[in-house]
Amino acid sequence: MTPIIQVNDLNVWFGKRRILRNLSFDIQPRQVTAFIGPSNCGKTTVIRCLNRLNDLQVDYRHTGEILINGEELYARKNKTTEIARKISMVFEKPILFKKSIYENVAYSARIRGIKHVTQISNIVDECLMKAHLWNEVKDHLHTDPSLLSIGQQQQLCIARALACEPEILIFDEPCSQLDATETPKIETLIQTLKQQFTIIFVTNKRRQAARVSDVAGFLYNGELVEIGKTEQIFTTPTDNRTENYVTGRLG
Amino acid sequence: MDKTKLLFNIIAVPILIIVLTVYLTLTFTVPTVNSEVSFESMNINRINLVKVRLMWMIPVLCVAIIVSVVIAFVVEEWLSTNNLIRRIIEPQIIILSSIPSIVYGILAIYYLVFNPISSSYVSLAFIVILLVVPITTLSAQNAIRNIDISIRHAAYAVGATKTKVILDHVLPLSLLEILGGICHTISRTLAVAALCILVSILVESPISGQTIVNIVHNIGILLLLVLLFSIVSSFLRKNPNVMY
Ligand SMILES: Nc1ncnc2c1ncn2[C@@H]1O[C@H](COP(=O)(O)OP(=O)(O)O)[C@@H](O)[C@H]1O
Ligand SMILES: [Mg+2]
């Protein structure tokens with residue numbers, strides 16, 4: 001299989017501080033790839049390189065290659081938004097626009113250039129169903145989403161991300177704000193979504209990564225210590241630090 | 001609903017400006033201005049001349065406000081925090097905006113009331129610009145800065161372009177606060193105008209019962225407008241969580 005994302009020798013600096021060191025990895029399509037590691041080890045930074053969100057930071061600088069479907073992400077001729085559209089992201093906290101439930105999802109469709117009202121409405125319905133939220137919200141699509149529970153808001157964010165028709169979905173600790181009853185819902189959702197999308201998933205909960213992912217990478221102090229099949233990472237890690245982390249002795 | 005509330009706010013400010021313009025146009029008589037050197041030789045009513053000059057401030061005010069908002073957006077959206085131009089402009093804006101309006105009031109009194117030469121129109125325009133631009137720019141900048149960065153992240157993450165992010169999110173989210181700042185500026189400018197009219201009346205006529213009536217007649221409504229704009233300003237600046 002040809003990888004959908006290839007990262008070669010990626011280094012990232014914020015100002016003078018080096019955040020990531022010599023990262024190289026491939027991401028295969030239609031799999032869940034998880035990045036695990038203690039907090040502040042650079043997980044968020046890695047995934048924000050993949051959709052160029054780091055560009056918003058003034059002092060951000062990087063070296064190395066990031067190829068999406070063989071195309072350099074940072075190449076000048078590539079329209080950043082075109083690529084970013086293929087890679088959608090769900091954040092730690094549910095960040096919703098101050099628009100109705102319907103409009104939040106419809107926004108992504110409009111960004112893609114879809115203007116026809118029935119077409120947009122179909123996309124909204126479909127994405128809400130895919131995000132397993134349809135039954136909860138179908139009767140009040142035009143109300144304020146802040147009335148939903150945090151988990152449901154996160155599902156709405158997922159629906160909005162789906163409405164971009166991305167190839168790659170990035171989740172940055174999507175369950176960190178959720179309680180024990182809502183977390184499994186998101187985890188199951190990710191499992192279903194992987195049949196259609198390539199998923200990159202960041203978490204600082206070891207167990208969650210073990211449950212959800214096919215491939216896991218362990219980040220420590222800005223280094224990608226080890227990346228491989230989740231089973232292998234959790235049962236027979238090759239690096240000491242990985243072993244210490246997955247057994248709970250580190251971080 | 002929320003949309004109509006927003007619409008009302010957007011319409012309210014231009015309407016207030018129009019009301020002000022109409023009031024000034026209807027109440028004030030327009031004398032012919034020629035370039036004689038002293039008021040005495042021109043033999044015209046000083047109060048009326050002051051009013052004509054105040055009318056001139058209105059278009060200048062409008063342009064200055066628009067320019068300020070544009071400056072604020074350019075600085076906040078296109079110049080990064082370590083950009084040289086921004087590092088030069090920003091302190092100037094802050095320093096200028098902290099000059100109390102009475103300083104401009106005194107300058108305005110000189111050019112409006114005591115300077116008979118018509119070239120003082122240019123000077124007046126400068127005074128208005130100095131009075132308006134820094135404060136409006138600063139408040140608009142703050143309004144833009146107050147928007148949670150995460151909203152931008154979310155918009156970029158669904159593939160919005162920079163223009164889209166500004167038009168769809170930054171502008172609607174900061175609009176009320178920007179309008180609040182504009183109202184605040186307008187009320188400041190009106191207060192200076194009221195001051196000028198007051199001085200011109202006092203210079204023209206000795207203090208008597210008639211003078212007092214004259215003052216109340218001429219600046220009463222102006223001061224009411226000042227109050228109105230201040231109230232609207234503080235109301236808008238509360239930045240309610242409306243959906244957009
Ligand atoms: N904008 C920034 N400027 C400077 N340092 C940053 C910035 N963002 C993150 N960092 C630093 O980069 C490191 C990695 O952060 P992050 O990627 O958010 O970690 P994680 O998501 O694993 O908790 C942290 O030490 C953090 O302090
Ligand atoms: Mg993080």
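**Figure 1. Chain B is built from helices.** From the N terminus on, the elements of chain B run α-α-α-α-α-α-α-α-α. That comes to nine helices and zero strands. Helices (H or I, at least four residues) and strands (E, at least two) are DSSP runs, numbered from the N terminus. This is a predicted model: local features need pLDDT of at least 70, side-chain atom pairs count only at pLDDT 80 or more, and totals for chains, interfaces and linings use all residues. Residues are numbered from 1 along each chain as its sequence is written, chains are lettered from A and ligands numbered from 1 in the order in which they are written, and side-chain values use heavy atoms, with hydrogens and water left out.

Figure 2. Of the 244 residues in chain B, 50% are buried. Buried means under 20% relative accessible area, exposed over 50%, and partly exposed in between (1.4 Å probe, protein chains only). Chain B exposes about 11,800 Å², and carbon and sulfur atoms supply 73% of that area. Such areas come from the Shrake-Rupley method with a 1.4 Å probe; for residues, only the protein chains shown count as cover. Now take contacts in chain B between residues at least 6 apart in sequence: 80% of them join residues at least 24 apart. Contact means heavy atoms within 4.5 Å.

Figure 3. B:Gln141 counts as buried because its relative accessibility is 1%. B:Thr137 also has 1% relative accessibility, so it counts as buried. What does B:Gln141 touch, not counting residues up to four places away in sequence? Its partners are B:Ala72, B:Val75, B:Glu76, B:Glu90 and B:Ile93. With neighbours within four places left aside, B:Thr137 is in contact with B:Ser68, B:Ile71, B:Ala72 and B:Ile93. An α-helix has 3.6 residues a turn, so residues three or four places apart point the same way.

**Figure 4. The largest nonpolar core.** This core has 98 residues. A nonpolar core is a set of buried Ala, Val, Leu, Ile, Met, Phe, Trp, Tyr and Cys residues joined through side-chain atoms within 4.5 Å. Which residues have the most contacts inside the largest core? They are A:Ile5, A:Phe35, A:Ile66 and A:Ile200. Helix 8 (residues 162–204) of chain B gives the largest share of this core, 18 residues. A second, separate core has 46 residues, including A:Ala109, A:Leu128, A:Leu189 and A:Phe218. Look closely at A:Phe35: beyond four places in sequence, its contacts include A:Phe25, A:Val46, A:Ile200, A:Leu219 and A:Leu224.

**Figure 5. Chain A as a whole.** Chain A has 10 helices and 10 strands. Its C-alpha trace spans about 55 × 45 × 35 Å along the principal axes. Of its 251 residues, 55% count as buried. The accessible surface of chain A is about 11,300 Å², and 46% of it belongs to carbon and sulfur atoms. Among contacts in chain A between residues at least 6 apart in sequence, 66% join residues at least 24 apart.

**Figure 6. Helix 3 of chain A is mostly covered****.** How many of the 11 residues of helix 3 (residues 101–111) are buried? The count is nine. Among them are A:Ile101, A:Tyr102, A:Val105, A:Ala109 and A:Ile111. After helix 3 comes A:Gly113, whose phi is positive, near 100 degrees.

**Figure 7. Positive phi at A:Asp9 and A:Asn69****.** A:Asp9 is not a glycine, yet its phi is positive, about 55 degrees. A:Asp9 sits in strand 1 (residues 5–14) of chain A. Its relative accessibility is 38%, so A:Asp9 counts as partly exposed. A:Asn69 is not a glycine either, and has a positive phi of about 50 degrees. A:Asn69 lies in the loop between strand 4 (60–68) and strand 5 (71–72) of chain A. A:Asn69 counts as partly exposed because its relative accessibility is 43%.

**Figure 8. A:Gly228 in strand 10 of chain A****.** Strand 10 covers residues 223–229. Is A:Gly228 buried or exposed? At 13% relative accessibility, A:Gly228 counts as buried. Beyond four places in sequence, A:Gly228 touches A:Val215, A:Ala216 and A:Ile233. A:Asp214 is 14 residues away along the chain, and the C-alpha atoms of A:Gly228 and A:Asp214 are separated by 8.7 Å.
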